[in-house]
Amino acid sequence: MARHGGRGWYGQMAAAALGVTGVAVAASLWTAQAGPVDTRSGAGTPAHRTAPKAAPVSVEIAHASDRGARGVNITIDDGPDPVWTPQVLQVLKEYGVKATFCMIGPQAEAHPELVKAVVAAGHRLCDHTVSHDVTMDKKSEAYQSQQILDAERMITKASGGVRPLYYRAPGGAFTPYSRKLAAAHGMRPLGWNVDSKDFERPGTETVVATVKDEMSNGPTVLFHDAGGDRSETVAALREVLPWLKEQGYSFGFPVR
């Protein structure tokens, strides 16, 4: 099920149930992603809703934190999920942590209220493809394009117009083509340094120990909010986040 090669993990995820959990979100999506209000028309329409072309970014896979050497990037993959995403959001809120949510296109499309909740809380969005195909690097460029750009469209629409700022290939299955395509659409390819292996459900203590043991590998830590029972992830975050603060880390976003 897992794909490992230093940075790979986890095969095709199961789609979450279509039932939704209501999450109240702010009507304004005023975040680091959203941009200022464009009042040139006199209507006060948020500028991001005009969907200007995204500026290209680096094609290099990002690992570093925008908070520097003692920064940590918390990344949450495979959602949004109506059961687990709200719980993850609550834990992040309790500890004042902003994270990057790498979303599956159809999951975002099915749960737009959760995508909006993520954005309204000040977190960032990441494109994690349509199908979570960990063999994407073996597929045609046309297939890669469909997986990346369709997911980008789904996530942007679900968010109310806020584009994903990153692209994370499922299982780390990047190609030169996919990195160039994502970067041309303003999505920095995003890797990870610390794999919590929470998708294996090894027990909360093991997830926590894995993160602590691997923090010397680098700042970007991978968790999941979908693809199965994520109760261990929620519990592990409650232990890991305060521990990281005690160690003198600060929380940021992956470099752009």
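Me: In this predicted model, at what angle do helix H4 and helix H5 pack?

Reply: Happy to start there! Helix H4 covers residues 141-159 and helix H5 covers residues 176-184. Their axes lie 10 Å apart, and the packing angle is about 40 degrees.

Me: Is the crossing of H4 past H5 left-handed or right-handed, and which residues of H5 make the contact?

Reply: The crossing is right-handed. On the H4 side, the contact is made by Glu141, Gln144, Ser145, Ile148 and Leu149. By class, this contact has four nonpolar, three polar and one charged residues. From H5 come Tyr177, Ser178 and Leu181.

Me: How are helix H1 and helix H7 oriented, roughly parallel or roughly antiparallel?

Reply: Helix H1 (residues 84-94) and helix H7 (residues 231-246) pack with their axes 10 Å apart, at an angle of about 5 degrees. Angles under 35 degrees count as roughly parallel. So H1 and H7 are roughly parallel.

Me: How many residues of the contact of H1 with H7 are nonpolar?

Reply: H1 brings Trp84, Gln87, Val88, Val91, Leu92 and Glu94, while H7 brings Ser231, Val234, Leu237, Arg238 and Leu241. Two of these residues are polar and two are charged. The nonpolar ones number seven.

Me: Which helix gives the most to the lining of the second largest pocket?

Reply: This pocket holds about 180 Å³ of space. Its lining includes Pro86, Leu89, Gln90, Leu92 and Lys93, along with others such as Ala117 and His123. By class, the lining has six nonpolar, three polar and two charged residues. With five residues, the top contributor is H1.

Methods. Residues numbered from 1 in each chain as written. Predicted model: local features only at pLDDT ≥ 70, side-chain atom pairs only at ≥ 80, totals over all residues. Heavy atoms only, no water. Axes fitted to C-alpha atoms, helices over the stretch in contact; angles between N-to-C directions. Helix = DSSP H or I, 4+ residues; strand = E, 2+ residues; numbered from the N terminus. Parallel < 35°, antiparallel > 145°, perpendicular 65-115°, else oblique. Contact = heavy atoms within 4.5 Å. Nonpolar A, V, L, I, M, F, W, Y, C, P; charged D, E, K, R; others polar. Left-handed = near helix turned anticlockwise from the far one by under 90°. 1 Å grid on protein atoms, 1.4 Å probe; cavity = no way out; pocket = protein on both sides within 12 Å on 5 of 7 lines; lining within 4 Å. Points joined across faces, edges and corners; volume = space filled by probe spheres on them.
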